[in-house]
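Visitor: I am new to this structure. Please pick one part, the aromatic rings, and take me through it up close.

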Amino acid sequence: MSTMNISLPEGLKEFVDTQVGSRGFGTSSEYVRELIRKDQDRQQLRGLLLAGAQSAPTAPVDANYFDTLRKRITSKKSK
C-alpha cells in the first residue's frame with residue numbers, strides 16, 4: 001500500500017478525528033479511504049446516468065414489463 005500525506009487546517013482535522021471516533025473507523029486513513037471509495041462510486045454513477053441520458057429512447061415500460069422482470073428474478077433465486 002502506498003502512503004500519502006495530506007495537510008489539513010485544524011478545523012478539518014478535528015472534524016476527521018470526530019468522524020473516526022463516532023463512526024467506528026480505526027484510523028483517519030480508513031475514513032479517508034471510505035470517502036474516496038464513495039466518490040469513485042458517485043463518479044461512476046454520474047457517468048452511467050449521463051450515458052443513459054445521451055442514449056436513444058427505448059419503448060416505455062408498463063406493469064407487464066415489471067411483472068416479467070419480477071418473474072425472471074424469482075426464477076433465478078429459486079435455482
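**A close look at the aromatic rings**

Guide: Start at Y65, which is partly exposed, with a relative accessible area of 42%. Buried means under 20% relative accessible area, exposed means over 50%, and partly exposed lies in between (1.4 Å probe, protein chains only). F66 is also partly exposed, at 37% relative accessibility.

A word on the model before we go on. It is predicted, so local features need pLDDT of at least 70 and side-chain atom pairs count only at pLDDT 80 or more, while totals for chains, interfaces and linings use all residues. Residues are numbered from 1 along each chain as its sequence is written, and side-chain values use heavy atoms, with hydrogens and water left out.

Now the rings. A pair of aromatic rings is described by the distance of the centres and the angle of the planes. Rings of Phe, Tyr and Trp (its six-membered ring) pair if their centres lie within 6.5 Å; planes under 30 degrees apart are stacked, over 60 edge-to-face, and the rest tilted. Searching the whole structure gives 2 aromatic pairs. One joins F25 and Y31: the ring centres are 5.4 Å apart and the planes stand at 70°, so this pair is edge-to-face. Y65 and F66 make an edge-to-face pair as well, with 5.2 Å from centre to centre and 80° between the planes.

Stay with F25 and Y31. F25 counts as buried, at 19% relative accessibility. Y31 is buried too, at 5%. Y31 sits in helix α2, which covers residues 28-54. Helices here are DSSP runs of H or I, at least four residues long, and strands are runs of E, at least two; both are numbered from the N terminus.

What does Y31 touch? Contact means heavy atoms within 4.5 Å. Neighbours within four places in sequence aside, Y31 meets F15, V16, Q19, V20, R23 and F25. Take V16: it is 15 residues from Y31 in sequence, yet their C-alpha atoms are 7.7 Å apart.

Q19 belongs in this picture. It lies in helix α1, residues 10-22. Q19 is buried, at 13% relative accessibility.

Step back to the whole chain. It has 3 helices and 0 strands, running α-α-α from the N terminus. Its radius of gyration is 21 Å, well over the 12 Å that the globule rule gives for 79 residues, so the chain is more spread out than a compact globule. That radius is taken over C-alpha atoms, and the rule is 2.2 Å times the number of residues to the power 0.38. The C-alpha trace spans about 55 × 35 × 25 Å along its principal axes. Of the 79 residues, 6% count as buried. F25, Y31 and Q19 count as buried.

For contrast, go to T3, in the segment before α1. T3 is exposed, at 71% relative accessibility. T3 and S29 are 26 residues apart along the chain, with 9.7 Å between their C-alpha atoms.
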